Amino acid sequence: MEKQVLLTIRDLKIEGRSGDAWHQIVKGVDLTLHKGEVLGLIGESGAGKSTLGLAAMGYARDGCRISGGSIDFDGIDLRAAPEADRRALRGKRIAYVAQSAAASFNPAHKLIDQYCEGPVVHGVMPREKAEADAVELYRRMRLPNPDEIGFRYPHQVSGGQLQRAMTAMAMSCRPDLIIFDEPTTALDVTTQIEVLAAIRDIVRQFGTAAIYITHDLAVVAQMADRIKVLLRGDEVEESDTRSMLAAPREDYTRSLWAVRSFARPALPAATGTPVVSVRNVTAGYGAVDVLKDVSFDIHARRTVAVVGESGSGKSTTARVITGLLPPRKGEILFNGKPLPPSFKARSREELRQCQMIYQMADTALNPKLRLRELIGRPAEMYLGLKGRALETRIRDLLALIELEPDKYIDRLPSELSGGQKQRIGIARALAAEPQMIICDEVTSALDQIVQEGILKLLDRLQGELNLAYMFITHDLATVKSIADEVVVMQHGQVVERGPKAELFAAPKEDYTNLLLSSVPEMDLDWLNRLLAARGEHA
Amino acid sequence: MQVLVVLAVALVAFFGVALVSRAALRTFAPAHQKPTFRDMPLTASFGIAVILIYVLVAVFAPLLAPFKESEVVGAQYLPWAAPYYLGTDKLGRDMLTRLIYGARNTVGIAFATTALAFTVGSILGIWAALVGGWLDQWLSRFVDALMAIPALIFSLLLLTIFGTSVLSLILVIASVDATRVYRLARSVAQGIVVMDYIEAARLRGEGKWRLIRREILPNAMAPLVAEFGLRFCFVFLSISALSFLGLGIKPPTADWGSMVRENATLITFGDITPLLPAGAIALLTVAVNFVVDWQLHRASGLKE
């Protein structure tokens, strides 16, 4: 049966301004969406996914303009329609769910007030009815305490719940189309499942059409009827989900599929004195103990992955090892010798041996320093290199992280891409010639293809320089690809630890099992099976 | 009618100066600086030209001025006619000469004062933000206490205690101004010290001085530069106000502030001569702010 067409986009071109020049972000994309259909848009960042999603509302961000093509929403030409008409549509017939619900809710108003704004402004229903409706939708989104959760402020609600509340809010006027812009990207895997299931159910119940934007293939496979792949503003291919997963036509699509295939076999368990040994560490802020009796070892040339949800104490462990947070009890041994608890008491040599790479390269690199100084400073400081020797070392390091020295040495961080910035973070750590590097979610902020590049680089460097890695992550795919040993943390305690293969094959603890099964798989029915197995779903 | 003519002349002068100076800057800038000047707005090039002219006048004052700084050359309050192109003041000194020397004294002192206030204020402010704890509390509460006293009254008090030499004038106004700079620098730096790159630098074992100088200061420049423009002008006003009250630059040293006071009586006779030094201050103030706005725009990466 042929469904009715809801949205038609023809040859859409969108330009963005950088400086004085305009360049194309979306280069003539066609898109057709039927009523009640879910279309997945995938691609790396910069592919124009979000821009295209917003254009479906007839909206272009600041500094962008729609320069060509047509957008037809249920017989209304959104490009030609006056702004007032477009505003009347937005929120009422087309709704938008943003990536970060925490940043999108107004922190000064209660959830239910924000829920009611749309229906009341658009005159769909009066305030009392909207409130009753909100409670009903909160219930359908399976939010805890639906009767009262609306009367809380955004900061009093967890991230996953906020994202569901935002989806409920988007539903408030029963729109024909919802645009989901990476709604689960910022969430933990275990939370992601709840949100995905809730979104999928509500979209089906109301027969709403949706555009689902994400860079995670496994997620889009669960949600979408059809998938469109974008690359630098161009369409690569489009087909229904099942055939796209089974037989992608284009090389680029296949390369997206293959990303998760990078894996190196785990090395056998190491013997001898570990480089770093965390012994019965208890630490915390104020009166609260964030870490309770944490112990594990990291050996040379081995990668220990520390996994867990946010708030499980992964990053706090890193802060204890680096000395930023002196522990209350327990100690850190470095090559068998105890380290002073605070970094202020550690010698320069002790500081040199343990380096750190941060999650957000944007905030981890001083934006006003050139790469020469960013990378050169540790080498100058710890190894006493000067003049020509320093210059040579900086160039070697740039070559090591696969950036052309002549081209990059005098650049500022703002003149680099996200992946290149992260490489600079790595080079800065390497410049100190450490024995151990702490990688704190180093790939979380990056696209999958870029992620793979970083992981391969880290793996190669580990082999060449005999480095020990402590790899903090919530992404189990990353763990699968490069870890030797895994430490699972929850509520500040080590739940389980062991070699990668053993832990993945036969997790002993319930929590480990829950965590592992929550990782989206490239399988259409994964979510159904999982929910059925967990008995959360009819 | 006359007003319109004056306005027209002023506009032509503005665009003339601005265009000529921009062309000159583009031509003579070193190659890697050329892009900076290419996108320069006319207001900024006008500002730069005016500041350059003031600096040249200040440096070459003895060559440019037709008479000596405090030389009595004729009768008092002579009208504008050669060889006293802008007339004479109440002691019979040449007005043009006094204006030229005034540039040297007033601008020089204002610059020294602002520079000192900024060096001390921003370093202490960043240091307090970086170290935190007791040091921050002590410094900040001390600064708060100083700021609670009205600036002009406090300067008057200090100048009465320490006497009115040029050096004590600079030190007194600088220390009063440094409190404001301290506040600003501290609040800006507090936002910067929590960044990961500062944590990385601390973990590297960098010293405080290097953290302040290389890691924090470059990132705090934009608001500090903007504040510099404002403070610079306020210092002018402070010096002028103090001179007007008789505690600023001592006679017979030429100073724009005192020149306004000394010749104020002429206003009652419809003579605009006393407004000339005031105008010189106003013009420099506007010029400095044009340049500062432009720098701020560039540093913050704002587009129109």
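Student: Which conventions apply here?

Tutor: Residues are numbered from 1 along each chain as its sequence is written, and chains are lettered from A and ligands numbered from 1 in the order in which they are written. In this predicted model local features need pLDDT of at least 70, side-chain atom pairs count only at pLDDT 80 or more, and totals for chains, interfaces and linings use all residues, while side-chain values use heavy atoms, with hydrogens and water left out.

Student: What is the strand order in the open sheet of six strands of chain A?

Tutor: Helices (H or I, at least four residues) and strands (E, at least two) are DSSP runs numbered from the N terminus, and two strands pair if DSSP finds at least two bridges between them. The order is β6-β7-β8-β3-β9-β10 in chain A, with mixed pairing, and β6 (94-97) and β10 (234-240) are the edge strands, each pairing on one side only. Within this sheet, β3 (residues 38-42) and β9 (residues 226-231) of chain A run parallel and are joined by four bridges, with Lys228(A) in β9(A) as the bridge partner of Leu41(A).

Student: Which strands stand at the edges of the sheet of four strands in chain A?

Tutor: The order of this open sheet is β12-β11-β14-β15 in chain A, with antiparallel pairing. The edges are β12 (288-298) and β15 (337-338) of chain A, each with a single partner strand, so one side of each is left without a neighbour in the sheet. Between β11 (residues 276-285) and β14 (residues 329-334) of chain A there are five bridges in the antiparallel sense, and Arg279(A) stands opposite Glu331(A) in β14(A).

Student: How do the side chains of β17(A) point?

Tutor: In a regular strand the side chains alternate between the two faces of the sheet. Here Met436(A), Ile438(A) and Asp440(A) point one way from β17(A), whereas Ile437(A) and Cys439(A) point the other way, and all are buried (buried means under 20% relative accessible area, exposed over 50%, partly exposed in between, with a 1.4 Å probe and protein chains only). Strand β17 (residues 436-440) of chain A pairs in the parallel sense with β16 (residues 354-357) of chain A over four bridges, and also in the parallel sense with β18 (residues 468-473) of chain A over five bridges.

Student: How many residues has the largest nonpolar core?

Tutor: In soluble globular proteins, nonpolar side chains tend to be buried together. A nonpolar core is a set of buried Ala, Val, Leu, Ile, Met, Phe, Trp, Tyr and Cys residues joined through side-chain atoms within 4.5 Å. The largest has 52 residues, and those with the most contacts inside it are Tyr138(A) and Phe180(A); helix α8 (residues 189-206) of chain A gives the most to this core, with eight residues. Apart from it lies another core, of 49 residues, among them Ala305(A) and Leu430(A).

Student: At what angle do the axes of α9(B) and α10(B) cross?

Tutor: Two packed helices are described by the angle between their axes and the distance between the axes. The axes of α9 (residues 196-204) and α10 (residues 208-244) of chain B come within 11 Å and cross at roughly 175 degrees, which makes α9(B) roughly antiparallel to α10(B). Axes are lines fitted to C-alpha atoms, for helices over the stretch in contact (heavy atoms within 4.5 Å), and angles run from 0 to 180 degrees between N-to-C directions; angles under 35 degrees count as roughly parallel, over 145 as roughly antiparallel, 65 to 115 as roughly perpendicular and the rest as oblique.
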